[in-house]
Each structure stands twice: as C-alpha cells, then as structure tokens.
Amino acid sequence: MGTTDRWSTLTENRQTPTPVTLLPRQKQRHGFEENDDRDDASSVDTLRLSMVEGAFSNPNADVAEITAAWLRETAIRALAEREDEDETPTEGMRKKEKKKPSLTELYCGNGTHAVNLARAFHAVTAVEIEPRLCAAAEENFAANGVTNARVQATPAETFSTRRSASGDD
C-alpha cells in the first residue's frame, strides 16, 4: 500500500474534527487612532478552529489569515457606512438607540467566517446541512467565546424559504 493509499484510508473514515489554530502574524489597528475608544473589531484575533477532514476549507494558512482580515475589515467598513447613513437627521425624528445588525451565513461549514465576524454583529445565524460541520461550528463558537451565534441545521434553501415567508430580513 502506497503513501497516498494509506493517507486516503486514514482520512476517509475520520469523523471527528481536526483542531487547527489560526494565528495572525500581527494584530493591526487598521486605521483606528490609538486613543480611539471603539472596540477594534477589524483586527483578526487568534481563532481556534476545528476543521472536519474532507470538508472545504482553505489549506493555505497565509491566505486564510489574509482572507479573514479582509472579510472582517470589509464588514466593519460596510457597517460603519450604514451607520453613517442612518445618522442622517430627519425632521421631527428622534435618534434611535443603536443596535448592531444581525448576520446570517448560509452554507457556513465549520463556522470559520461566523466566528471571525461575530463581534461585529448583534446575533449570528450560521446555516449548515451537514451534521459533522454543524458540530464543528458549535465547537468553534464555544472555543472562541462566541455567545451570540447559533447553528441552524437545515438546508439553506429551506431556511431561506422560511425566512422569506416570515418576513424577517
């Protein structure tokens, strides 16, 4: 039996997630002033992730790190622009109490993006059909102290249809 055959045999039957730690090279401030009292939600923290063997994930740690930072930075920027638009004064209207928006991630896999973005949102719903990936996502939320996210174990199409029918946006 060759090396490839032995590797295939070992990985085919693996049912438990493989623990992985994504460590950024450096924590950057991404344009915030040192005396800025906002939470620096755009920097990528150390993420502890369980990856399910055979499931899609980025095998290149450097690219995964860059992608995670870009995703969080882009989301923070978009949320800030949205907040600026919401602050446009309207005659006779009182300013509403600010609440972070919610995030829904379809096809969340092991929840890597949901873990990365959770701090920027009020609540996160991660939708996934594969039970092993749902378990890994829940494990990743717990390992990273994410308390505002939940996994919805259902097909994305079913979730979307129900969500549209309920009027939730």
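**Close-up views of a predicted model**

**View 1. The sheet.** An open sheet of three strands runs in the order E3-E4-E5, with parallel pairing. Strands here are DSSP runs of E, at least two residues long, and helices are runs of H or I, at least four; both are numbered from the N terminus. Two strands pair if DSSP finds at least two bridges between them. This is a predicted model, in which local features need pLDDT of at least 70 and side-chain atom pairs count only at pLDDT 80 or more, while totals for chains, interfaces and linings use all residues. Residues are numbered from 1 along each chain as its sequence is written, and side-chain values use heavy atoms, leaving out hydrogens and water.

**View 2. Strands E3 and E4.** E3 and E4 (residues 124–128) pair in the parallel sense over four bridges. Leu 103 stands opposite Val 124 in E4.

**View 3. Helices on the sheet.** Helix H4 (residues 131–143) lies across E4 and E5 and runs at about 175° to E5. Helix H5 (residues 156–166) packs on the sheet and touches E3, E4 and E5. The direction of H5 makes about 145° with that of E3. Contact means heavy atoms within 4.5 Å. Axes are lines fitted to C-alpha atoms, for helices over the stretch in contact; angles run from 0 to 180 degrees between N-to-C directions.

**View 4. Cys 108 and Cys 134.** A disulfide is counted when two cysteine sulfur atoms lie within 2.5 Å. By this rule the count is zero. The sulfur of Cys 108 has its closest cysteine sulfur in Cys 134, 6.3 Å away, so the two are too far apart for a bond. Cys 134 is therefore in no disulfide. Cys 108 counts as buried, at 6% relative accessibility. Cys 134 is buried too, with a relative accessible area of 7%. Buried means under 20% relative accessible area, exposed over 50%, and partly exposed in between (1.4 Å probe, protein chains only).

**View 5. The whole chain.** The chain holds five helices and five strands. From the N terminus on, the elements run α-β-β-α-β-α-β-α-β-α. Of the 169 residues, 31% are buried. Among contacts with a separation of 6 or more, 64% join residues 24 or more positions apart.
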